[in-house]
Amino acid sequence: MKVYADNAATTAVSKEVVDAMLPCFTKIYGNPSSVHTIGQEAAIELEAARSTIGKCLNAEPRELFFTSGGTEADNWAIQNAAIIGAKKNKRHIISSRFEHHAVLHTLNKLEKQGFEIQLLEVYSEGLVRPEDLQAALREDTALVTIMYANNEIGTIQPIPLLGKICRDHGVIFHTDAVQAVGHLPIDVKEQFIDMLSLSAHKFHGPKGVGALYCRKGIPLNVFIEGGAQERGKRGGTENIPSIVGMAAALEQISRKMEQNSDKVFALQNTLIEALSAVPHSRLNGNREKRLPGIVNFCFEGIEGEAMLLMLDALGICASSGSACTSGSLDPSHVLLALGLPHEIAHGSLRMSFSEYNSKEEVDYIIEKLPPIIQRLRSMSPVWEKIERGE
Amino acid sequence: MAYSKIVMDHFENPRNVGKIMDADGIGEVGNAVCGDIMKIYLKIDNDTISDVKFNTFGCGAAIAASSMTTELIKGKTVDQALQLTNKAVMEALDGLPPVKHHCSVLAEEAVKAAIDDYYKKHDNKEVCGASTGCTCK
Ligand SMILES: Cc1ncc(COP(=O)(O)O)c(C=O)c1O
Ligand code: FES
């Protein structure tokens, strides 16, 4: 059996999405900037996609800017807010300890340029506390950027509360919603979101395309110099097939959001229940406030990469936050932010599901994973100590 | 990350996993770099390694390197085993990705630590440059 349990990394493109994209390669191949008919057909597709995505988020089409993905949208949103802030002498930025590197590395860069970066705690549950944000806000705060849902452990942040606090303070609120869009109901107006990043490949759209939502009234600086595309903010001929595919994917998944969510939650619950029975295991992140699809466990005494290799040999694709898989010296910053010791963070396993997964697949994981854990533990000197109670 | 066929074979079918209850030398080394731990047990008769077992907490490369190391030193004299380098372990494994080189260093250190422990227990001799950090040579 082949089980793809890594949907938080990326998803399969759906058949309907491919069907929507194909004509954009061979029939509607024009450049939307061209005056002629073929170009204008492409322009119509482009704007239709923008309005479809707008509807799914309750945003105006003109508030959406297409990008090359989530990373670019994060870079753009944060650097933009920094430029606006610096003009008013505001150089304080608030974020959280477990953001995606697209956010954290951009913030590191700004720190070197003289910005003061304050990362809020996420505690053992993996949740930002609104009162912490309230206490952190200052006169010179230029931006608050907090992810909608975490990509490693799946915890959902209290976005409407955080957004309201920022709105009341007149501070720009950005959220990296890459893991949330298409999986959770998002209404940028009701949830007080000023800026939002999304990426198509997390909801069965193509890779390399995403969007930045920027609320009317928030000045947006040019991110890529060039032509007049994206209202002059991001030059370069638009990636029409991918943008059309992204809109089709979001429309499709939004229509079935509740149904998908019920199905995927059921898979998650089955898996969490079964794996909780493994001794010295722990579910990472709050049990309730989580995305339907992401399950992240730590198994003490073993290392994640070894687990991944054994799972892969049995056809199960998953991921881990162990240092050994990252090529870096430390295990995942997300798991460390939860307060997990390095040794335990090494034994993490993330399995992430979509509506394409089945109960049979989860049962297969439940059958195959515990013996792998047992086998690795049987050869682990760390497990030996744990068993002896040291 | 692509591992060689030999690495995957030693990872999937590790040789000499386990413990030796009446070991003559035990070496446990940890690599602070990524928090992995390797433990090697030696049985030594007439200066020859007659049996060797390992326990490892670590990635696929660390497990494969431990397994290969036990094969490389089994039946060898203590002096021969002391000559084992991480490079030899890597070569025997048909290479390791650059980020995994330290896993083979760990294997070399584990052998030295185990022999060091054997010397300490038996004739109080210390191994030069072993995990004790001795720099007498
Ligand atoms: C939370 C989060 N932000 C940003 C990204 C980056 O998105 P992309 O791969 O489209 O650049 C990802 C996914 O990799 C993510 O999970
Ligand atoms: S044990 Fe971590 S890289 Fe080998």
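**A threonine and its surroundings**

Guide: Leaving aside neighbours within four places in sequence, Thr70(B) is in contact with Arg15(B), Asn16(B), Val52(B), Lys53(B) and Phe54(B). Thr70(B) belongs to helix 2 (residues 60–73) of chain B. Do keep in mind that this is a predicted model.

Visitor: Is Thr70(B) called buried or exposed, and why?

Guide: Buried means under 20% relative accessible area. Thr70(B) has a relative accessibility of 0%, so it counts as buried.

**Cysteines**

Visitor: How many disulfides are there over all chains?

Guide: The count comes to zero.

Visitor: What makes Cys56(A) partly exposed, and which label does Cys214(A) get?

Guide: Partly exposed lies between the buried limit of 20% and the exposed limit of 50%. Cys56(A) is at 23% relative accessibility, so it counts as partly exposed. Cys214(A) has a relative accessible area of 5%, so it is buried.

**Helix pairs in chain A**

Visitor: Why is helix 9 of chain A called roughly parallel to helix 14 of chain A?

Guide: The axes of helix 9 (residues 257–276) and helix 14 (residues 359–378) of chain A come within 10 Å and cross at roughly 15 degrees. Angles under 35 degrees count as roughly parallel, so helix 9 of chain A is roughly parallel to helix 14 of chain A. The crossing of these two helices is right-handed.

Visitor: Which residues make the contact?

Guide: Helix 9 of chain A brings Leu267(A), Thr270(A), Leu271(A), Ala274(A) and Leu275(A). Those from helix 14 of chain A include Val362(A), Ile365(A), Ile366(A) and Leu369(A). By class, this contact has eight nonpolar, one polar and two charged residues.

Visitor: How do helix 4 and helix 5 of chain A pack?

Guide: Helix 4 (residues 70–87) and helix 5 (residues 101–112) of chain A have axes 9 Å apart, at an angle of about 35 degrees. Helix 4 of chain A also passes helix 5 of chain A in a right-handed crossing. Among the residues in contact are Ile78(A) of helix 4 and Leu107(A) of helix 5 of chain A. By class, the contact between helix 4 and helix 5 of chain A has six nonpolar, four polar and two charged residues.

Key
Residues numbered from 1 in each chain as written. Chains lettered and ligands numbered in written order. Predicted model: local features only at pLDDT ≥ 70, side-chain atom pairs only at ≥ 80, totals over all residues. Heavy atoms only, no water. Disulfide = S-S within 2.5 Å. Buried < 20%, exposed > 50% of the residue type's maximum accessible area, 1.4 Å probe, protein only. Axes fitted to C-alpha atoms, helices over the stretch in contact; angles between N-to-C directions. Helix = DSSP H or I, 4+ residues; strand = E, 2+ residues; numbered from the N terminus. Parallel < 35°, antiparallel > 145°, perpendicular 65-115°, else oblique. Left-handed = near helix turned anticlockwise from the far one by under 90°. Contact = heavy atoms within 4.5 Å. Nonpolar A, V, L, I, M, F, W, Y, C, P; charged D, E, K, R; others polar.
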